[in-house]
Amino acid sequence: METRVRSRACACVALLLFALRASLGHEHIKVQEEEETPEDVKWRSPEEEQGKFRTPEGEVRVQVSGRALVPGVRTQDWISNARVLLDGDAYVGFIREDGGFSVSDVPSGSYVLEISSPTYRFQPVRVDITATGKMRARVVDYIRTSAVTRLPYPLQMRCAGPHHYFIPRETWIWSDFLMNPMVLMMVLPLLIVVLLPKVMNSSDPEMKREMEQSMNMLNSNQDLPDVSEIVTRFFSPPKSHGRAGGGARATVGGAASVRGGAPRRRSKMNTAVTYSE
Amino acid sequence: MAWLVVRLAISLSLLYTASAVFEDQVGKFDWREQFIGKVRFALFDTHSQASKKLLVATDKNVFASLNSRTGDLFWRHVDKTGPEGHIDALLMYGQDAVVVVGNGRLLRSWETTVGGLKWEAVLDTGSFQAAALIGVQDFVKYVAVLKKSAISLHDLSSGSQIWVENLPDSDTVQYQTIYSGGNGLVFVLGFVPSSHIVIVEYKIEDGEIMKKKSVEAAWMSSLENSCAVISSGNLLCVDQTTQSLYTLPLQSAEHTEMRQIHLQTLDLEVASGFQPVLTSTQPNPAQPPLAEFFLQLSPDHHILLQLKDDLIAPLRDFNPSYLAAFATSGEKTVAAVMTPKNDTACSINLFSADTGRRHLDTTIIYHMDPNGGKPNRLYVHAFLKKDDSVGYRVMVQTEDLTLTFLQQPGRVVWMREEALADVVTMEMVDLPLTGTQAELEGEFGKKADGLLPMVLKRLSSQFILLQAWMAHLWKLFYDARKPRSSVKNEVTIDTLSRDEFNLQKMMVMVTASGKLFGIDSKSGTVLWKQYLEDIKPDSIFKLIVQRTTAHFPHPPQCTLLIKDKDTGLGSLYVFNPIFGKKSHISVPALPRPVLQTLLLPVIDQDYAKVLLLIDDQYKVTAFPSTKNVLQQLQDTASSVFFYLVDSSQGKLSGFRLRMDLSTELIWEVVIPTEVQKIVAVKGKRANEHVHSQGRVMGDRSVLYKYLNPNLLAVITESTDIHQERSFVGIFLIDGVTGRIVHEAVQRKARGPVHFVHSENWLVYVYWNSKFRRNEFSVLELFEGAELYNSTVFSSLDRPHPPQVLQQSYIFPAPISTLEATLTEKGITSRHLLVGLPSGSILSLPKMFLDPRRPELISEQSREENLIPYAPEMPIRTEWFINYNQTVSRVRGIYTAPSGLESTCLVVVYGLDIYQTRVFPSKQFDVLKDDYDYVLISSVLFGLFFATMISKRLAEVKLLNRAWR
């Protein structure tokens, strides 16, 4: 990854320079062409292959052939609208029912071969043909154009998956909306604020009594200090006397009022007052 | 660093979502029509009764299968353009079709059901002459291909070559025909002009020459149309000069001379100057042809003849008759003949081939299109009916490339307008307003005449609107009661009216064959068509909209300039683009070749823009040329400049109009033709709007654009095509002063160069011959931080040369065409539309082609939303505006603004036509397609009821409290 980034940066600098110089109309810059190393070149000689011939002018014409494969799809289902294109549509070939293809009468040069299909995606391949008609296939690299990563010849074109033409719509779903943390944060306190007093203020005396009982059940352990009290005790300055008294009173109040409800609330208020001191 | 990357990724992902297609938008506002071109060969699949296949091979190098019931394509194979893909012959046997391609270079066998290639064989070079299926003992096993100097035989099931033999004396003898009657022999017929006929007989098994003979035929000039083999190996030739038929049995050794039969003895005569045509039929390649044949004596005279016992007897004379064709179904062979009925219709009748007797109740009436051409090809599909009689359908091809498929008694089953496979140029014209809209417009257009009449007018127009609305409501109500299927929104020429956002327009298309079309851009329906006769092939067309629909009650007006390619002589055709009718306006005669046309913003009293035509003596003709126009031209002459390009001499010259409509040369730029040649010159589009004069930089300063409306982009290519020395040159020249504003050279580059010149930028694509890749380069021109004169641009008063920025990028695909989107006010960001050879149209944001893309990201560049420079341009399939609806051989992309600022109308034409809308900055001015009305309304209603309920609750609560 690192090297790739660097190479891109280099190329971009080179291009920029190129563009700038070109724009200034200076003499053309001599960028050293990277020559292909001989050991890389293992050319395939197509002497035995059919389709090669020389024009009266002595130029060679060869046939580029290979196979295309879409895994899991019958060839009849996709080949009728697929084509093999060399350098755009300079040379055109069609795919046979067995997946094989050949493009005839290609002169020497370097070409990018691609399979154009509206449904399936194929990686393009660069095909080099020498003046004697030998050929090789390599990976297309538009940035380092002389880099040679060999590919087998005859070409093996394997589908890289279907084309994705569409982007999904952003759909609105209730659950998405409700599960949104912001909404949750807002809705829950709202429910508490709105619903709790309603439940508490119900005018049914029996209900009231039950509530009180349940509250007492919750606070059954009267010795346990109230959380708020602990907090206030922790934060309030130690010289404050009222705090300790208030706290004690509160505890007492809590213990004394088995009836719960209002007195307890008062005790809480006391704590608050103490804190404010 | 990490957050930077993240931010970049977010901004990029936002970019990527722009202008993509959603799956539910498929077919909503886009359509594609596929074409094949002019049919050269057409064969009906007679293999089975139920078969609907019709195989066609066309002059566009297309081989396709059509559904003969609907006219739709089953499949289509588009080969290379040019002679290498030219289809020489089409043969069909059973399920297979054999095609000879590229002057006999390739032999391909196609499976016709799904369109798969079965095999492909490469043949030796040599110019193609003929191909034939060869049968042995009632089975067709081989296909023979005759070249100029060789004949080869191939196996039909595998394509393997059985044998190839050189033809004797092929340097003097022109071999043209193959014949085989299924008896194990192949005859090759050739001739030496004005001397003799050569007949060579080959054995099928090994290609051994069995016999070779030459027969005296001093009158012979061509074998192809004037000779045919009929009835178990009798060669029959017709000659116009001697007014005779000649026969010769191919196999017999004793005949060394052709038997001459004077046409006079048959009471026939060939029309003078007409090359008579013989048509025979061989229903089964494994059996000899029938003894019956057609002889065409003049363009509208056919005769059905029969050879019986060495005697030729006429079976039936068809005078007059336009076309005749044989067809076979099962054992029965019939002949269909088209005869003129009256001025507008023809009748086609079926005759039995062996007797010439007419089949009863087989007439098909073919109505000729008054705006179309004459029929010139007839293809017959015969089939056996249940009662064993012969039924038939016909396909008629006319001069204007219309394919019509008819069945009895004259019902048009389908129709294809194949002229549209070759669209040359097009324009989009706004549709007219409806009557009520026009009424409203008229109210504002008229001059004020007092308060009361104005009020009354206002009220009356409001009333009319109300009336229209009521009528609309009533129609809705009425339609709602009818079943859904019967309600059809048929677009006809009478119901055409502009929609509220002006998204629906009239596409006026000019085709190479000289046929004009008016197509509704919303549905793709052809609303009118007009065939212009006597148009020479390869003519140059230029379509000019002189008056738009905005000037009610004046009809819109389009002018087509047709220029002959060789002589340069032009003619004007003026028509109404909405109805396609020719306008009866006197057009100026153009006796001299037209060099340049110029549409001026000057309008005459009828609101038509003035068109100036400059001839080769630099004389100017104005159209329309009323007194009013001439007066206005005199007033504005000093500010009318035009340029001429002479690419053969490498000369660009600028002229100024004088008061007396003569011209004055004011500048000249010569680009030496020894070094480089001018390939293209383009100005900016006249209807383009630039919204912002500058760009806000990261430091809040403004970089002003150099917006010169007179700027011309001139592209040159080097004459030296060596890859090291070739180059592409770019000149930006001011069209008024001739000043070269900028000059750039791309070394080691060659064409074809595609470019777009717009606003303050020029984008061009070239082939980098060193790195063997396509590269994009963008030039942007800026005035700098200060604007010299912000109100008016004058070419004569611009002392400072612009700052030019340039950047180049690699484009990892070949390109067929390039265009930029265009919107009403130019506020929307621009996209480039790139046509790829695969048929996809890529919508590339102009943002990626910005010479200010920084190499290193800084705070300021981020502020400006500049994408960091990357050498390779991305191609994403989500950017393909036509998803899988590929457009073969894209030739041009036409963009037009719509009434909505966000929306640009795009028409892509080539072999196919594709119309769509693009939203370069998404649909910011209308509600999106997926706008959730249900949600919004449910929330609204929910809130409404919640308030009602809570109000009620609050009341109850208050009451309770009061009671307490």
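Me: In this predicted model, what makes residue pairs across the interface of chain A and chain B count as polar contacts, and how many are there?

Reply: The rule finds 10 residue pairs in polar contact there, with both residues at pLDDT 80 or more. To count, a pair needs N or O atoms within 3.5 Å, with one able to donate a hydrogen and the other to accept it.

Me: Which parts of chain A touch chain B?

Reply: Helix H1 (2-24) and strands S3 (83-86), S4 (91-93), S5 (100-107) and S6 (109-116) of chain A each supply at least two residues to that side. H1(A) gives the most, with 10 residues.

Me: And how do those residues on chain A divide by type?

Reply: You get 26 nonpolar, 16 polar and 14 charged. Counting both chains, 56 residues of chain A are in contact with 65 residues of chain B. Together the two chains bury about 5500 Å², 59% of it on carbon and sulfur atoms.

Me: Why is the meeting of B:Arg105 and A:Asp105 called a salt bridge?

Reply: Check the distance: their side chains meet at 2.5 Å, N to O. The cut-off is 4 Å between a side-chain nitrogen of Lys or Arg and a carboxyl oxygen of Asp or Glu, so this pair qualifies. The count between chain A and chain B is one salt bridge.

Me: What makes the link between B:Ser662 and B:Asp660 a polar contact?

Reply: The two side chains come to 2.8 Å.

Me: What makes a group of residues a nonpolar core?

Reply: Its members must be buried, belong to a set list of residue types, and be joined through side-chain atoms within 4.5 Å. The largest core here has 38 residues, and B:Phe776, B:Phe811, B:Leu832 and B:Leu849 touch the most other members. Elements of chain B giving two or more residues to this core include strand S55 (773-784) and strand S56 (803-811). A second, separate core has 37 residues, among them B:Ile36 and B:Leu403.

Me: Why might nonpolar side chains gather like that?

Reply: In soluble globular proteins, they tend to be buried together.

Conventions:
Residues are numbered from 1 along each chain as its sequence is written. Chains are lettered from A and ligands numbered from 1 in the order in which they are written. This is a predicted model: local features need pLDDT of at least 70, side-chain atom pairs count only at pLDDT 80 or more; totals for chains, interfaces and linings use all residues. Side-chain values use heavy atoms; hydrogens and water are left out. Buried means under 20% relative accessible area, exposed over 50%, partly exposed in between (1.4 Å probe, protein chains only). Helices (H or I, at least four residues) and strands (E, at least two) are DSSP runs, numbered from the N terminus. Contact means heavy atoms within 4.5 Å. Buried area is the accessible area (1.4 Å probe) that two parts lose on being put together, summed over both. Ala, Val, Leu, Ile, Met, Phe, Trp, Tyr, Cys and Pro count as nonpolar, Asp, Glu, Lys and Arg as charged, and the others, Gly among them, as polar.
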